[in-house]
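Me: I have a structure open and want to learn how to read its packing. Can we go through it feature by feature?

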Amino acid sequence: MSESLDWYFDVISPFAYLQWRRLRRDHADVALNPKPILFAAILNHVGQLGPAEIPQKRRHTYRIVLWQARQAGIPLVFPPAHPFNPLPALRLCLAAPDRMAAIDAMFAHIWEHGRAADSIEALADVARSLGIEDLAAAIARDEVKRELLANGEEAMRLGVFGVPTLKVRDELFWGNDATELALAYRDDENTLDAEMRRVDAIPEAVQRRKPA
């Protein structure tokens, strides 16, 4: 069995959905330790807008994710509104008895079937399929809230700046398109070669501008 890889994700991200599906389908040897986090909190921490908050980037992002899904042979249908409040869904992933099954069900609900996931009412059927009858009580438990908060704090300490992010030993790999690089590094640390290490230290030629 290969080492377990921490996987930081938010169900709001279609790229997280694609990476999850690809890893589960094509890389059965990869043992994942899923860590739901609130992407909005990460954005606030690093002082950035989300891709869906910038009109032209939103358009580009949605087209690219649909292209990647089609290239990978993974069904993808956008939910009725995006971005949305993912808190109920993230907490359900942590409250469910079987977390892997919960994440599978959540991603299928949102990104395969294109359904809303921003309220208890919208998630009632998913919760029941996971053996949870009282969803409101399940996601209101203190331990569920604490774990979600702790995951986010851990991600910030590590330097996570986006979702999905795979942590392979001491390295972070962001995005669905970094999947192969992350797995190559898992198998051979020399994948991050001298040139990749060198560019880490290239100085900035101009002063970075702060957001207005």
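This is a predicted model: local features need pLDDT of at least 70, side-chain atom pairs count only at pLDDT 80 or more; totals for chains, interfaces and linings use all residues.

Reply: Start with burial. A residue counts as buried under 20% relative accessible area, and as exposed over 50%.

Me: Is T61 buried or exposed?
Reply: T61 has 12% relative accessibility, so it counts as buried. T61 sits in helix α3.

Me: Which residues does T61 touch, leaving aside its neighbours within four places in sequence?
Reply: T61 is in contact with F15 and P51.

Me: What about V46, buried or partly exposed?
Reply: Between the two cut-offs, a residue is partly exposed. V46 has a relative accessible area of 33%, so it is partly exposed. V46 belongs to helix α2, residues 39-46. Look along the chain too: V46 and M156 are 110 residues apart, yet their C-alpha atoms are separated by 8.7 Å.

Me: Now helices. At what angle do α1 and α3 pack?
Reply: Read the angle between the axes. Angles under 35 degrees count as roughly parallel. Here α1 and helix α3 (residues 55-72) pack at about 15°, with axes 10 Å apart. So α1 is roughly parallel to α3. Their crossing is left-handed.

Me: Which residues make that contact?
Reply: From α1, they are P14, F15, L18 and R25. From α3, they are T61, I64, V65, Q68, A69 and A72. T61 turns up again here. Sorted by class, the contact of α1 with α3 has 7 nonpolar, 2 polar and 1 charged residues.

Me: And how do α1 and α5 cross?
Reply: Their axes come within 10 Å and cross at roughly 125°. Angles over 145 degrees would be roughly antiparallel, and 65 to 115 roughly perpendicular. This angle makes α1 oblique to α5. The crossing of α1 past α5 is left-handed.

Me: Which residues of α1 and α5 are in contact?
Reply: On the α1 side, take P14, A16, Y17, W20, R21 and R24. On the α5 side, take M100, I103, D104, F107, A108, W111 and E112. The contact of α1 with α5 has 9 nonpolar, no polar and 4 charged residues.

Me: How many aromatic pairs does the structure hold?
Reply: There are 10 aromatic pairs. To read one, check the angle between the ring planes. Under 30 degrees is stacked, over 60 is edge-to-face, and the rest is tilted. In W20 and F107, the ring centres are 6.3 Å apart and the planes are at 45°, so this pair is tilted.

Me: Where in the chain do W20 and F107 lie?
Reply: W20 is in helix α1 (residues 14-26) and F107 is in helix α5 (residues 99-112). The pair links distant parts of the chain, 87 residues apart. Both W20 and F107 are buried.

Me: What about the rings of F173 and Y185?
Reply: Their centres are 5.6 Å apart and their planes are at 45°, so this pair is tilted. F173 lies in strand β4 (residues 171-174), and Y185 in helix α9 (residues 179-187). They are 12 residues apart. F173 is buried, and Y185 is buried too.

Me: Which residues form one aromatic cluster?
Reply: The cluster consists of W7, F9, Y17, W20 and F107.

Note on methods: Residues are numbered from 1 along each chain as its sequence is written. Side-chain values use heavy atoms; hydrogens and water are left out. Rings of Phe, Tyr and Trp (its six-membered ring) pair if their centres lie within 6.5 Å; planes under 30 degrees apart count as stacked, over 60 as edge-to-face and the rest as tilted. Helices (H or I, at least four residues) and strands (E, at least two) are DSSP runs, numbered from the N terminus. Buried means under 20% relative accessible area, exposed over 50%, partly exposed in between (1.4 Å probe, protein chains only). Axes are lines fitted to C-alpha atoms, for helices over the stretch in contact, and angles run from 0 to 180 degrees between N-to-C directions. A crossing is left-handed if the near helix is turned anticlockwise from the far one by less than a right angle, and right-handed if clockwise. Contact means heavy atoms within 4.5 Å. Ala, Val, Leu, Ile, Met, Phe, Trp, Tyr, Cys and Pro count as nonpolar, Asp, Glu, Lys and Arg as charged, and the others, Gly among them, as polar.
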